[in-house]
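Colleague: Could you take me through one part of this model in some detail? I would like to look closely at the sheet, and then at the surroundings of the ligand.

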Amino acid sequence: MHRLAGPVEVGRKAASLLSELAREAAGPKGKFSVALSGGSTPERLFELLASDEYRISIPWASMDVFWADERCVPPEDERSNFRLAYETFLQNVPAKTHRIRGELGPERAAELYEKELREFFGLEGAHSMPRFDVIFLGLGADGHTASLFPGSEAIGEKYRLAAPVHDVEPGRVTLTLPAINHAARVAFLVTGRQKAPVARHIIEEGNQRGYPAGLVQPVKGELIWVLDAEAAAQLTAKS
Ligand code: 6PG
């Protein structure tokens, strides 16, 4: 777990993690897959990735960029998770992007994204799962992550990689828990005091309320928490 001063430091930690992992993977494997979260927390990460420091040091041409979730809006809509990343840094680097086509609606967009994931990861069997090199996730104050909201049907999905979500308007498409939990690494980026209670409940109190974010437990991968001081304020020193 990383407890850092503020949102800028959280963004910097995430950028250096991505840079390190991408450089490690780009050699032997020659490719690197990352899924980005939506929301506002990753903005500082994206700004850093646009800076010369990271634009130059990361082997972008070996990188395939996916999303943990997307709102069902056109890509130019200000609510689009793709738009935030694309306009902040992706348009200036040669990474390959795998946009969730939310404008087609939750069902069709989830179906196409599932197909793209299976093709990219070379998945044959209906129960085979993708192994992202890293997935970045945010945390909602209600314990949601990606577009897995408390009580959502999508939480129970056992085999699909991407699921349609109708719990919010506009609808969403989200990676499912199995798709997330088979990643090599999952990194939560969490800032702000309103996240402190749910962060404590998940990290230190065993997630008895079953918040979706607490169900992210990588099967054979690493779970990384990157919090700023406000989000970590209710954690005991030992965490
Ligand atoms: C989304 C995100 C969502 C987000 C959390 C935290 O599409 O909104 O995927 O899961 O990560 O709601 O949002 P903030 O970073 O804005 O607090």
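Modeller: Happy to. This is a predicted model, and its open sheet is built from seven strands with parallel pairing, in the order S1-S10-S9-S6-S2-S3-S5. Strand S1 (2-4) and strand S5 (96-97) are at the edges with a single partner strand each, so one side of each has no neighbour in the sheet. Within the sheet, strand S2 (residues 32-36) runs parallel to strand S6 (residues 134-137), and two bridges join them. For Val34, the bridge partner in S6 is Val134.

Now to the ligand, which sits in the largest pocket. It is surrounded by 14 residues, and the closest are Thr41, Arg71, His144, Ala146 and Lys195.

In the side chain of Thr41, an N or O atom is 2.6 Å from an oxygen atom of the ligand. His144 also contributes through its side chain, where a polar atom lies 2.7 Å from an oxygen atom of the ligand. With Gly38 the backbone is involved: one of its N or O atoms lies 3.4 Å from a ligand oxygen atom. As for cover, the ligand on its own has 410 Å² of accessible area, and the protein covers 88% of that.

Definitions and conventions:
Residues numbered from 1 in each chain as written. Predicted model: local features only at pLDDT ≥ 70, side-chain atom pairs only at ≥ 80, totals over all residues. Heavy atoms only, no water. Near = heavy atom within 4 Å. Polar contact = N/O pair within 3.5 Å; in protein donor to acceptor, adjacent residues only side chain to side chain. Areas by Shrake-Rupley, 256 points an atom, 1.4 Å probe, with all protein chains shown as cover. 1 Å grid on protein atoms, 1.4 Å probe; cavity = no way out; pocket = protein on both sides within 12 Å on 5 of 7 lines; lining within 4 Å. Sits in = over half its atoms within 2 Å of the grid points. Pairing = 2+ DSSP bridges. Helix = DSSP H or I, 4+ residues; strand = E, 2+ residues; numbered from the N terminus.
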